[in-house]
Amino acid sequence: MAGVGGGGDPREPPRNLQGLLEMAVAATGPQTEPREPMGEERQRWLRAAVAEALGGTGQEVEELRRCLEVLARPCPGEEAAERGPGETASHERALEVLAELCESLDNATDFCALGGLEVVLGLLGHPWAPLRAGAARVVGACAQNLPGAQGRALALGALPALLECLRGDPDPRVPPRALFAVSCLVRAQAEGLAQFESLGGLEVLGGALQSPQAPLRARAAFLLHSLLREHPHLKEPLCRLGMVPQLVALLRTEHDGAHEHILGALCSLASDFPKVIQECRVPDLRLEELLRERRCLLQGREEFQEELEFCERLLQLCFETPTEESTMDR
């Protein structure tokens with residue numbers, strides 16, 4: 001069978017990290033004596049060697065290195081963030097370039113191998129908001145489709161820092177980027193979700209739903225809906241947090257892009273969960289009236305077809321299934 005890293009020919013150079021590790025193990029053989037700890041210089045050399053072995057183009061790897069070198073330099077904004085963006089322009093541009101490069105899985109892998117996550121995570125607490133936002137964007141871009149980067153970021157403590165940015169950052173540019181990165185670390189990532197729950201992430205997500213920024217509300221509602229579809233066990237803790245009346249109250253606000261995902265989240269909460277159905281039927285919520293009005297508003301408008309389907313589904317789950325036939329009321 002062909003080797004994972006070298007295509008079957010043991011003389012062929014490795015094309016990925018697995019192949020590089022296999023080559024290293026084969027070359028060194030069994031070790032009987034304890035090894036000395038690896039020095040910092042040796043670590044830097046190894047990271048660079050791994051990055052090159054992973055197949056990124058030389059030009060892109062050099063650009064990653066250049067950006068990380070810029071970020072490693074002292075930033076004038078660290079001493080006086082109020083001086084303005086001109087003092088941090090080179091750092092901001094480096095973060096923009098890194099975020100774009102890390103959309104590629106190969107580049108994201110190289111970025112991690114070069115120690116990029118360690119550098120960028122240190123900027124999440126920077127006094128200048130564009131650097132905090134840029135750092136969060138890079139973390140999300142790197143982690144979104146790369147389990148190894150997700151695990152490394154979680155091990156480095158990325159999630160507590162990102163949740164703090166989402167919870168209380170005073171600059172409106174930071175929370176949306178932090179939420180993007182949080183989403184990339186908790187969806188389809190068991191360790192990330194466990195950390196998210198233990199750190200109070202559900203409460204933080206509920207706070208994001210109350211944001212005056214419509215795009216942030218929409219993204220928070222999307223993440224909530226996605227998590228509920230993927231992890232039904234979250235229904236109980238969300239119910240305890242009062243999520244049902246909170247979501248219904250949001251549906252009464254001016255119609256925007258968040259409403260589709262709010263209705264979707266309510267559908268996911270109510271599916272096979274009698275406690276939520278009973279909450280939805282509380283007369284003071286007047287949810288049935290709201291849903292029927294919304295259905296009339298959305299009918300015949302193709303751009304809201306999915307939202308209409310969620311609306312009809314929620315009506316069916318909570319109000320249009322005869323009580324004696326509802327398995328959820330038995």
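This is a predicted model: local features need pLDDT of at least 70, side-chain atom pairs count only at pLDDT 80 or more; totals for chains, interfaces and linings use all residues.
Visitor: Why are α7 and α10 called roughly parallel to each other?

Guide: The axes of α7 (129-143) and α10 (174-186) cross at roughly 20°. That angle falls under 35 degrees, so the two helices count as roughly parallel. Their axes also come within 8 Å, and α7 passes α10 in a left-handed crossing.

Visitor: Which residues meet where α7 packs on α10?

Guide: From α7 come residues including Ala129, Arg132, Ala136 and Val139, and from α10 residues including Val174, Arg177, Phe180 and Leu185. Sorted by class, this contact has 12 nonpolar, one polar and three charged residues.

Visitor: What makes α4 and α7 roughly parallel to each other?

Guide: The same cut-off applies: under 35 degrees. Helix α4 (residues 89-101) crosses α7 at roughly 15°, with the axes coming within 8 Å. Since 15° is under 35 degrees, α4 and α7 are roughly parallel. Here, too, the crossing is left-handed. Among the residues making the contact are His91, Glu92 and Leu95 of α4, and Pro130, Leu131 and Gly134 of α7. By class, the contact of α4 with α7 has eight nonpolar, two polar and four charged residues.

Visitor: How do you know that Phe196 is buried?

Guide: Buried means under 20% relative accessible area. Phe196 has 1%, so it counts as buried. Phe196 belongs to helix α11 (residues 190-198). Leaving aside neighbours within four places in sequence, its contacts include Leu159, Leu163, Val182, Gly201 and Leu227. As for Leu163, it is 33 residues from Phe196 in sequence, and their C-alpha atoms are 8.6 Å apart in space.

Visitor: Why is Gln246 called buried?

Guide: Its relative accessible area is 18%, which is under 20%, so Gln246 is buried. Gln246 sits in helix α15 (residues 243-251). Beyond its neighbours within four places in sequence, Gln246 is in contact with Gly206, Leu209 and Gln210.

Visitor: What makes Ala188 count as exposed?

Guide: Exposed means over 50%. Ala188 has 71% relative accessibility, so it counts as exposed. You can find Ala188 in the loop between α10 and α11, with a positive phi of about 55° although it is not a glycine.

Visitor: And why does Arg286 count as partly exposed?

Guide: Its relative accessibility is 44%, which lies between 20% and 50%, so Arg286 counts as partly exposed. Arg286 is in the loop between α17 (274-280) and α18 (287-298). Its phi is near 50°, a positive value in a residue other than glycine.

Visitor: Where do the buried residues of α8 lie?

Guide: In helix α8 (residues 147-155), the buried residues are Ala149, Gln150, Ala153 and Leu154. Seen down the axis, they fall within an arc of 130°, so they line one face of the helix. An α-helix has 3.6 residues a turn, so residues three or four places apart point the same way. Turned away from the buried side of α8 are the exposed residues Pro147, Gly148 and Ala155.

Visitor: What covers the buried residues of α8?

Guide: The cover includes α5 (105-113), α6 (116-121), α7, α9 (158-168), α10 and α11. After α8 comes Gly157, whose phi is positive, near 85°.

Note on methods
Residues are numbered from 1 along each chain as its sequence is written. Side-chain values use heavy atoms; hydrogens and water are left out. Helices (H or I, at least four residues) and strands (E, at least two) are DSSP runs, numbered from the N terminus. Buried means under 20% relative accessible area, exposed over 50%, partly exposed in between (1.4 Å probe, protein chains only). Contact means heavy atoms within 4.5 Å. The arc is that of the directions from the helix axis to the C-beta atoms. Axes are lines fitted to C-alpha atoms, for helices over the stretch in contact, and angles run from 0 to 180 degrees between N-to-C directions. Angles under 35 degrees count as roughly parallel, over 145 as roughly antiparallel, 65 to 115 as roughly perpendicular and the rest as oblique. A crossing is left-handed if the near helix is turned anticlockwise from the far one by less than a right angle, and right-handed if clockwise. Ala, Val, Leu, Ile, Met, Phe, Trp, Tyr, Cys and Pro count as nonpolar, Asp, Glu, Lys and Arg as charged, and the others, Gly among them, as polar.
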